[in-house]
Structure formats: C-alpha cells, structure tokens
Amino acid sequence: MSSFKTSLKKNDIQEGKLTRVDVNNNSLVLTNIQGKLYAMDSVCSHEGGPLEEGTLEGYELICPWHNGIFDIRTAKASPKTDWVTDLKSYAVIVDDTTGEISINTD
Ligand code: FES
C-alpha cells in the first residue's frame, strides 16, 4: 500500500466543494460529501478538462468542458455520458488526531 500525505487537512475540504491536489505525480480532485472524503483523477478522460472546476450534483461530478459525468465515489463514467471513460478513484485516509489527509495511490 502506498499512501502519500497531502498538505491538506480535513477541514480544508468543504462540503460539496471541489479541491485539486497533486499527489505522487497524479492530479486529483477531492471533495467532502456528508462528512466523507472522496478523491479521483482530476483530468477528464475525454479531452482533459479540469474536473476540479466542474460541478457536483449529489455524487455526480460534471466536467466543465463538455458535461461528461463521473461518479465521485468510484470515478466511473456515468451511462448518461458514455462517451467519457472511467477514471481512477483513490482511498482517502484522515488522521483522526491531526486531520491530515493522505491518499492511497494503489
Ligand atoms: S473534456 Fe471532460 S467532457 Fe470533454
């Protein structure tokens, strides 16, 4: 298991907001939905749109460029926009004491 500490703490990731973080040469987007943190690739699989500038509707992350939809929990492309392909999601580890966020990149 390879986990990488980020410069972020849990309180930096606001409910429903999208935050980009670079971890081990991967650009990721993080969010907080109902107190749980999710992380997935931030570069859209269609034409490379910046998903951290997209829109979150429930668990659907909508790309700002052509409205491709991904499930933020799994990074899978929505059947509604099957012209985008699946990305990768990552486990988020929060230190209970410090709130520091690490990402498991396996
Ligand atoms: S670049 Fe994301 S849908 Fe086209």
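This is a guided tour of the structure, stop by stop, for a reader with a viewer open.

Before selecting anything, note that this is a predicted model, in which local features need pLDDT of at least 70 and side-chain atom pairs count only at pLDDT 80 or more, while totals for chains, interfaces and linings use all residues. Residues are numbered from 1 along each chain as its sequence is written.

**The whole chain**

**The open sheet**

Next select β5, β6 and β7, three strands that form an open sheet in the order β5-β6-β7 with antiparallel pairing; two strands pair if DSSP finds at least two bridges between them. The edge strands, each pairing on one side only, are β5 (55-57) and β7 (69-71), and the twist averages 30 degrees from one strand to the next, where axes are lines fitted to C-alpha atoms and angles run from 0 to 180 degrees between N-to-C directions. Zoom in on β5 and β6 (residues 60-62), which run antiparallel and are joined by three bridges, and pick out E57, whose bridge partner in β6 is E60.

**The nonpolar core**

Now look for the largest nonpolar core, which has 26 residues, and colour L28, A39, M40 and F70, the members that touch the most others. Such a core is a set of buried Ala, Val, Leu, Ile, Met, Phe, Trp, Tyr and Cys residues joined through C-beta atoms within 7 Å, and a residue is buried if 20 or more other C-beta atoms lie within 10 Å of its own, exposed if 12 or fewer, and partly exposed in between, with C-beta atoms placed from the backbone. Of the 106 residues of the protein, 30% count as buried.

Centre the view on M40, which, leaving aside residues up to four places away in sequence, touches L28, V29, F70, I72, A75, L87, K88, S89 and Y90; contact here requires C-beta atoms, placed from the backbone, within 7 Å.

Select Q34 in the loop between β3 and β4, where phi is near 55 degrees, a positive value in a residue other than glycine. With 6 C-beta neighbours inside 10 Å, Q34 counts as exposed.

Move on to N67, in the loop between β6 and β7, where phi is near 65 degrees, again a positive value in a residue other than glycine. N67 is partly exposed, with 14 other C-beta atoms within 10 Å.

Finish at R73, in the loop between β7 and β8, which counts as partly exposed with 13 C-beta neighbours inside 10 Å. Not counting residues up to four places away in sequence, R73 touches Y38, Y59 and S89, and a distance drawn from its C-alpha atom to that of V94, 21 residues apart along the chain, comes to 16 Å.

Terms used. Helix = DSSP H or I, 4+ residues; strand = E, 2+ residues; numbered from the N terminus. Contact = placed C-beta atoms within 7 Å.
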